[in-house]
Amino acid sequence: MTSAFDRLARPIQKWVRDQGWRELRDIQSRAAQIILGSEADIILAASTAGGKTEAAFLPLLSQLVDDADPRPGFDILYIAPLKALITDQARRLDDICGSAGIAVTPWHGDISSGVKARAIKNPKGVVLITPESLEALFIRRGLDIPRLFAATRAVVIDELHTVLDSERGIQMRSLLTRLELAVKRPIRRIGLSATLGDMVLARHYLRPDLADGVELVEARGGDAELRLQLRGYVQGTQDEGARAVTDAIADHLFGNLRGSDNLVFAGSRQAVEIYADRLRLRCEAAHLPQEFYPHHASLSREHRDFVERRLKDANLPTTAVCTSTLELGIDIGDVTSVAQIGAPFSVASCRQRLGRSGRREGRPAILRQYAVEAKVTAKSNFSDRLRLGLLRSIAAIELLLEGWCEPPQSDALHLSTLVHQILSIIAERGGVRADHLHKILCRDGPFRQVDTSVFVEVLRAIGSPDTRLIEQAGDGLLLLGPDGERLVEHYSFYAVFQTPEEYRLVAAGRELGTLPIDNLIAPGMLLIFSGRRWQVVEVHDHDRVIIVKPAAAGVPPIFGGDPGHIHDCVIERMLSVLESDHRPIYLDDAAWDLLAEARCNYADLQFGTTRIAWLSDNAAILATHAGTLKTITLALALRATGFTVQTHDGFLEVFGREASPPLNEVLANLAAGEEVDLFAHAPSLLFEKFHPYLTEPLLKLDALSARLQPEALPELCRQLICVADVRSA
DNA sequence: GACCTGCTGCGGCGTG
């Protein structure tokens with residue numbers, strides 16, 4: 001067979017040689033053979049900096065050079081979830097395309113309207129766009145879509161793994177369906193991804209109707225040496241004790257990270273502020289130049305750019321104390337080590353973070369995991385005694401080492417995003433019939449879990465006199481109603497995800513960043529923000545602005561957040577770690593003491609032989625051996641039957657009240673399939689952007705599909721009472 | 001019990 005390199009177009013070959021590459025990487029050769037030898041859809045899976053972009057684009061651009069399409073229109077559509085990524089990739093592609101005379105157009109909110117207007121007039125080459133800007137194109141220029149994409153041969157979707165089951169991922173898949181409808185032919189899809197946990201599901205996501213036809217090219221081996229340490233810390237119940245742990249961790253970070261580039265994932269924006277402050281003080285005390293900086297989404301763009309530039313600069317040692325802002329693929333170069341404070345929420349993000357270090361040949365990947373546990377007293381709760389945070393850290397590391405990570409959740413209805421896409425299609429076309437809408441979105445598009453009756457209910461809800469998002473014309477055509485019109489006209493419509501309201505924080509005329517409005521802020525209060533200390537001078541509620549001045553002391557603000565979902569496999573692993581007597585080699589002595597203590601307490605509760613630990617006649621701790629979704633579902637079922645329930649990772653603490661029936665009986669009934677009203681205590685059902693326009697029955701369906709697992713309840717309860725029976729018999 | 005992401009069209013003003 002002709003080598004992959006030989007099959008590339010001349011100018012592309014020249015570019016490869018100019019890079020000084022001796023040969024194409026394995027993933028690049030294999031991708032080139034498939035792209036140039038077939039029409040197949042492809043997933044290219046490799047770690048950051050694994051050469052995925054070139055693997056897709058070298059052959060695609062070769063096709064443009066050797067076999068140009070005379071029709072007008074963009075030849076290649078590239079979609080990425082971050083503006084920064086588009087800017088980076090446009091620069092790299094410009095370099096390759098320059099000599100081949102192929103146009104490269106970055107397209108997102110920060111690109112000037114002049115560039116966009118020119119591209120619309122004369123569309124060609126590669127366009128790099130965000131899902132939101134593509135959405136805007138459909139809504140504002142619906143009639144131009146067939147012309148703009150008449151010549152498009154391929155859609156390249158970057159960071160596919162981050163959008164698989166998210167609202168934005170569903171939106172993007174809907175847009176791809178609509179694009180193919182507009183040009184009346186399929187367009188090859190190429191997904192670029194980090195290594196995925198479940199490749200079958202990923203293929204299905206890329207091309208639902210022909211998942212088996214999706215070719216998979218994964219980067220082979222090449223895994224760097226991994227150096228791991230899990231350090232245990234115990235914090236007291238007093239404020240003073242809590243500070244002592246923070247200082248101990250800050251001391252360790254300061255001693256080990258100074259002088260090199262590192263990322264410290266602190267877990268929350270508040271923790272980022274605390275640790276950045278502690279580390280700054282240590283530099284000042286030692287009369288050393290500052291090299292520790294905070295980085296999270298509430299900080300001003302200016303400050304974040306500054307930190308990112310420092311990370312890229314090889315001459316300035318820089319450690320960013322950050323949230324998941326620095327987890328995604330923007331180019332900050334290689335870092336020496338990664339630290340993680342507190343247990344990670346998912347194995348997938350843990351892997352993504354670790355992938356930031358050890359990327360260069362011969363350098364190890366280094367992960368320091370800090371586990372902070374509460375000091376146990378006579379009054380301590382069992383969850384503190386079982387050291388659930390430490391266990392989750394261990395479980396995540398073990399699963400990471402085994403190559404596992406969370407698969408996407410595929411059965412959610414995504415009704416909020418469905419409302420968004422209904423409005424968008426009506427706006428794109430001016431009007432559309434209900435049956436046609438159903439065909440585009442539910443039969444051909446990504447909303448296949450939505451059956452006809454639910455779809456009709458959604459249309460009724462958003463067409464009701466209360467909501468007035470849509471209305472029906474005499475000929476049956478669905479049109480935008482007055483409120484729908486107003487919604488779609490505003491630029492805030494294009495994003496499918498929700499964003500909270502915020503104050504802007506300003507010091508000496510410069511914006512430091514933003515704070516959620518639920519912080520109670522008054523003049524005179526002290527704040528830690530952007531790695532420095534401030535005093536509030538003025539609060540302008542109307543303009544949502546807070547003016548601050550430097551201060552000598554401060555407290556970190558509250559940033560809110562939502563509870564995360566822990567996967568079933570992570571919980572199972574936590575329990576098997578508890579039931580084993582093995583000492584993982586990466587634990588330090590303090591962490592090992594904590595684990596040994598947790599194992600003793602687990603045995604004391606008899607959990608080795610039963611899943612129910614009775615606290616009294618009608619109060620117990622249940623070991624659900626299940627992740628957040630199932631555990632929460634059981635908690636709601638028990639609350640509905642009159643119990644007070646507290647939830648923990650994989651455990652429930654259940655207390656009977658005077659009127660509640662015996663817990664044993666309730667569990668037996670649930671095991672037998674008895675139905676209970678999981679929404680008996682009217683929990684809030686508004687989570688997503690377009691939820692406020694839906695009816696309560698629809699909101700419950702949406703919650704049941706994505707946030708609960710009622711179908712798992714009987715089996716979960718059978719397990720609970722079965723294992724309990726074995727013990728009593 | 002947490003984090004992140006995105007945005008058009010148009011009017012008004014200054015400058016060359």
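Mentor: The side chains of S260 and N262 are joined by a polar contact of 3.1 Å, where a polar contact is a pair of N or O atoms within 3.5 Å, one of which, within protein, must be able to donate a hydrogen and the other to accept it, with residues adjacent in sequence counting only if both atoms are side-chain atoms. Please keep in mind that this is a predicted model, in which local features need pLDDT of at least 70 and side-chain atom pairs count only at pLDDT 80 or more, while totals for chains, interfaces and linings use all residues. Residues are numbered from 1 along each chain as its sequence is written, chains are lettered from A and ligands numbered from 1 in the order in which they are written, and side-chain values use heavy atoms, with hydrogens and water left out.

Trainee: Where does S260 lie, and is S260 buried or exposed?
Mentor: S260 is in the loop between α12 (239-257) and β9 (262-265), with helices (H or I, at least four residues) and strands (E, at least two) taken as DSSP runs numbered from the N terminus. Its relative accessible area is 18%, and S260 is therefore buried, given that buried means under 20% relative accessible area, exposed over 50% and partly exposed in between (1.4 Å probe, protein chains only).

Trainee: Switching to rings, how many aromatic pairs are there?
Mentor: The count comes to 11 aromatic pairs, on the rule that rings of Phe, Tyr and Trp (its six-membered ring) pair if their centres lie within 6.5 Å, with planes under 30 degrees apart counted as stacked, over 60 as edge-to-face and the rest as tilted. In one of them, F74 and F149, the ring centres are 5.8 Å apart and the planes are at 45°, so the pair is tilted.

Trainee: Which parts of the chain does that pair link?
Mentor: Distant ones: F74 is in the loop between α4 (52-66) and β2 (76-79), and F149 is in the loop between α8 (145-148) and β5 (154-157), 75 residues apart. F74 is buried at a relative accessible area of 1%, and F149 is buried with a relative accessible area of 1%.

Trainee: And what about Y233 and Y370?
Mentor: Their ring centres are 6.0 Å apart with the planes at 35°, so this pair is tilted. The pair again links distant parts of the chain, with Y233 in strand β8 (residues 226-235) and Y370 in strand β13 (residues 365-374), 137 residues apart. Y233 counts as buried at 11% relative accessibility, and Y370 is buried at 0% relative accessible area.

Trainee: Which residues do ring pairs link into a cluster?
Mentor: F382, Y602, F607 and F651 are linked in that way.

Trainee: Which ring does R392 lie over?
Mentor: R392 lies over the face of F345, at 4.9 Å from the ring centre; a charge sits over a ring if NZ of Lys or CZ of Arg is within 6 Å of the ring centre and within 35 degrees of the ring normal. R258 lies over the face of F254, at 5.4 Å from the ring centre.

Trainee: Last topic: what is phi at R468?
Mentor: R468 is not a glycine, yet its phi is positive, about 55°. Most residues other than glycine have a negative phi. R468 is in the loop between α20 (452-463) and β14 (470-472), and counts as partly exposed at 38% relative accessibility.
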